[in-house]
Each structure stands twice: as C-alpha cells, then as structure tokens.
Amino acid sequence: MRRLLTVLSLALLALAPARAEETLRVGDQRGNARALMEAAGVLDGLTYRLEWSEFPAAAPLLEALNAGVIDAGGVGDAPFTFAAAAGVPVKAFLAFRNRQDGLAILVRPDSGIRTVPDLQGKRIATNRGSIGHQVVLAALEEAGLPADSVRFTFLPPADAKLALASGSVDAWSTWEPYTSAAELAGLVRVLRDGNGITPGLSYAVASEAALKTKRALLADYAARLAKARAWALKDPAPYAAAWSRLIGLPETVPLRWFGRAQYRTVPIDAAVIADEQRIIDLYVRAGLIPVSRAPRAEAIVDPGFSEALAAVR
C-alpha cells in the first residue's frame, strides 16, 4: 500500500506541471502585438505558456487559425469579415479603434487624379479582401460610383508600391506602415483616407474551439494586450523605437503612424457590432460576399470579455 501511495504521489506531481503549463498559441503580424506587449512589459507573471507564430499578413494567419495551428491572433476588420463569410470558425473577442489617416488611396505626387471620381476607369493596386480594398469600395460608394467603375490589380504592398512608381497602376490603396513610409519619402499624395467612410476597427480574434476551452487564457491575454495599448497611447515614442529596431525602418515612420492612429481598445459592444454589420453590408452590395453567405455581425463576435478590460479602461 505504501509503495502504491508513493507511485500515485509521483504520478500526481508529474501531472501538475502539465496542467499549469497550458499553452495559448497566438498568431502575430510582425511588429504588432508581440513587439507592443514586450515593449510595454506586460508579459511578466504569465501562468501559462504564450506561443507566438509570425505571419506576413492577415490572410495566412486566418488560414492557420482555420487549420487549428493557432488559437488566436490579431487582424483587420476586412480580412476577418471575409474569413467569417467563408466559414472559418472564428470570432472577434476584443476590438481596437483608430483614426484612419494611414488607410489611404495613394497616387503619385504629379498625378492628374485629384478626386475620387477621377478614378473611374483607372487601375488601383491593393490586396484582395484587405482594408485597402475596403477603403476603395467605401470611397466609390461615397462618390456615388459603382464598385466596377475602377479596375483592381491585386498585389501585395511591395509589388503595389513598385507598380505605382512605374506607372503600371494609377493608384495604390494601402495601410500602415506603407502609407507613412511612402509619404515621408515624398513618393505619394493621399487622394482619400479612410476617415469618415470606414470604421477604423481591428480585432483580436480566436477560434470557436479556443473560446470554449481556453477562455480564461484569452481573458488574461486580452487584459494584457489592452494594457499595452493604453501604455502606447499615452506616449508612442518607446513603442516606435522598439518597432523601428525590429522592422528596420526609421523611427519617423512608426512615430507618424502611431501618433495619428491613436489606437485604443474597446469591448465588443453595440457600436462595434453595428459597424461590423456595415462592413458586411458594404461587401454584399459590392458583390464580394454573396447574400447567402453573409453572416450577421452578432454571430461572429463574442462580447463576453468586457470584464477582462475593466481594470484597464
């Protein structure tokens, strides 16, 4: 009996670290959540393992989430909306709002294009389903023009920048840090930014499986990320310095970006749900999401993490 008790005790001790060492697998886009949280010093005292995976953009991050490779990640409202409409089992559990100076349709400084109606028949480079795609659709709608009044050339940012410089396209619709970098270099002029026509939302998202089985970990992660965002909002310079060292661009780029974006964390509330529904409706009107596959905004968000933000907000 004594030997049996000893064996059982050793078995329980062996199992204890496994239970304590739960893992939250988070997808990040370079220079985003991980760099921010490390710079803000909010990752001390974790009671679980935080496993990071880096992705070049939102689309592959969401593909990894769909495949079960990661539990959560950060993405813009546009790719999130397309992923949800495509049936990816994902929900937003935390939202961020920011000004949209850096989400912009750009033209060359010497371009004769002066207004959005001047874009009719012109070629615009952007990523398909991106926030760059979104701002063009919103700008056209604001001007009373149909979505097919321009010609899209779907390219990643680096290729789109070269295409604009060479004259292969007439405009480039992009986001930060590409907008700030191009502006500071004198390579572009902003034709229309996203202020007033797009909601300025991005999300922390998680798989439906993780929301069920790792809810406590996600709540802790949400609180720490919100704390880091609040830290950067008070003074963007330290984060800009850390970001610059990581990415290799001059500090002037992130300082311009962070200073004017003014990222702030918000809970998934009625205002966020209403803005998400407007995004869905925009894509339906543009024919990018079939009516039959369009989700309802309230079905693709999880508003149950407000308490995790109470100590931060």
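This is a predicted model: local features need pLDDT of at least 70, side-chain atom pairs count only at pLDDT 80 or more; totals for chains, interfaces and linings use all residues.

Student: Is V116 buried or exposed, and where is V116 found?

Tutor: The relative accessibility of V116 is 8%. Buried means under 20% relative accessible area, so V116 counts as buried. Its place is the loop between β5 (104-107) and β6 (123-126).

Student: How far apart in space are V116 and L94?

Tutor: In sequence, V116 and L94 are 22 residues apart. From C-alpha to C-alpha, the distance between V116 and L94 in space is 33 Å.

Student: In which strand is L94, and what does L94 touch?

Tutor: L94 counts as buried, with a relative accessibility of 0%. The strand that holds L94 is β4 (residues 90-97). Not counting residues up to four places away in sequence, L94 touches S202, Y203, A204, A222, L225, T265, V266, I268 and L309.

Student: Which residues touch the most other members of the largest nonpolar core, and which helix gives the largest share of this core?

Tutor: In soluble globular proteins, nonpolar side chains tend to be buried together. Here the largest nonpolar core has 37 residues, and M37, F93, L218 and Y221 touch the most other members. Eight residues, the largest share of this core, come from helix α9 (residues 215-234).

Student: What does M37 touch?

Tutor: Residues up to four places away in sequence are not counted here. Beyond them, M37 touches V42, L43, W52, Y221, R224, L225 and A228.

Student: Where is H133 found, and which backbone nitrogen does the side chain of H133 reach?

Tutor: H133 belongs to helix α5 (residues 131-142) and, at 3% relative accessibility, counts as buried. Leaving aside neighbours within four places in sequence, H133 is in contact with T126, N127, R128, F152, F154 and L288. At 3.0 Å, the side chain of H133 reaches the backbone nitrogen of G129.

Student: What lines the second largest pocket, and which element gives the most to that lining?

Tutor: The second largest pocket holds about 180 Å³ of space. The elements that give two or more residues to its lining are α5 and α12 (270-285). Residues lining the second largest pocket include Q134, A138, E141, E142, D275, R278 and R285. With five residues, the element that gives the most to this lining is α12.

Student: How many residues of the lining of the second largest pocket are nonpolar, polar and charged?

Tutor: The lining of the second largest pocket also includes I197, T198 and P199. Divided by kind, the residues of this lining are five nonpolar, two polar and five charged.

Student: Which residues of helix α11 are buried, and against which helices do the buried residues of α11 pack?

Tutor: Helix α11 covers residues 252-261, and its buried residues are V253, P254, W257, F258, R260 and A261. An α-helix has 3.6 residues a turn, so residues three or four places apart point the same way. The buried residues of α11 pack against α7 (178-184) and α10 (237-247).

Student: What kind of peptide bond joins E176 and P177?

Tutor: P177 lies in the loop between β8 (171-174) and α7. Omega is about 5° for the bond that joins E176 and P177, and this peptide bond is cis.

Student: Which residue follows α11, and what is the phi of Q262?

Tutor: Q262 follows α11, in the loop between α11 and β11 (264-266). With a relative accessible area of 41%, Q262 is partly exposed. Although Q262 is not a glycine, its phi is positive, at about 55°.

Student: What separates the C-alpha atoms of A299 and A92?

Tutor: A299 lies in the loop between α12 and α13 (306-309) and is partly exposed, with a relative accessible area of 45%. A299 and A92 are 207 residues apart along the chain. Their C-alpha atoms are separated by 9.9 Å.

How values were computed:
Residues are numbered from 1 along each chain as its sequence is written. Side-chain values use heavy atoms; hydrogens and water are left out. Buried means under 20% relative accessible area, exposed over 50%, partly exposed in between (1.4 Å probe, protein chains only). Helices (H or I, at least four residues) and strands (E, at least two) are DSSP runs, numbered from the N terminus. Contact means heavy atoms within 4.5 Å. A polar contact is a pair of N or O atoms within 3.5 Å; within protein, one must be able to donate a hydrogen and the other to accept it, and residues adjacent in sequence count only if both atoms are side-chain atoms. On a 1 Å grid over the protein atoms alone, a cavity is a set of points where a 1.4 Å probe fits but cannot get out, and a pocket is an open set with protein on both sides within 12 Å along at least five of seven lines; lining residues have an atom within 4 Å of a point. Grid points are joined across faces, edges and corners, and a volume is the space filled by probe spheres set on the points. Ala, Val, Leu, Ile, Met, Phe, Trp, Tyr, Cys and Pro count as nonpolar, Asp, Glu, Lys and Arg as charged, and the others, Gly among them, as polar. A nonpolar core is a set of buried Ala, Val, Leu, Ile, Met, Phe, Trp, Tyr and Cys residues joined through side-chain atoms within 4.5 Å.
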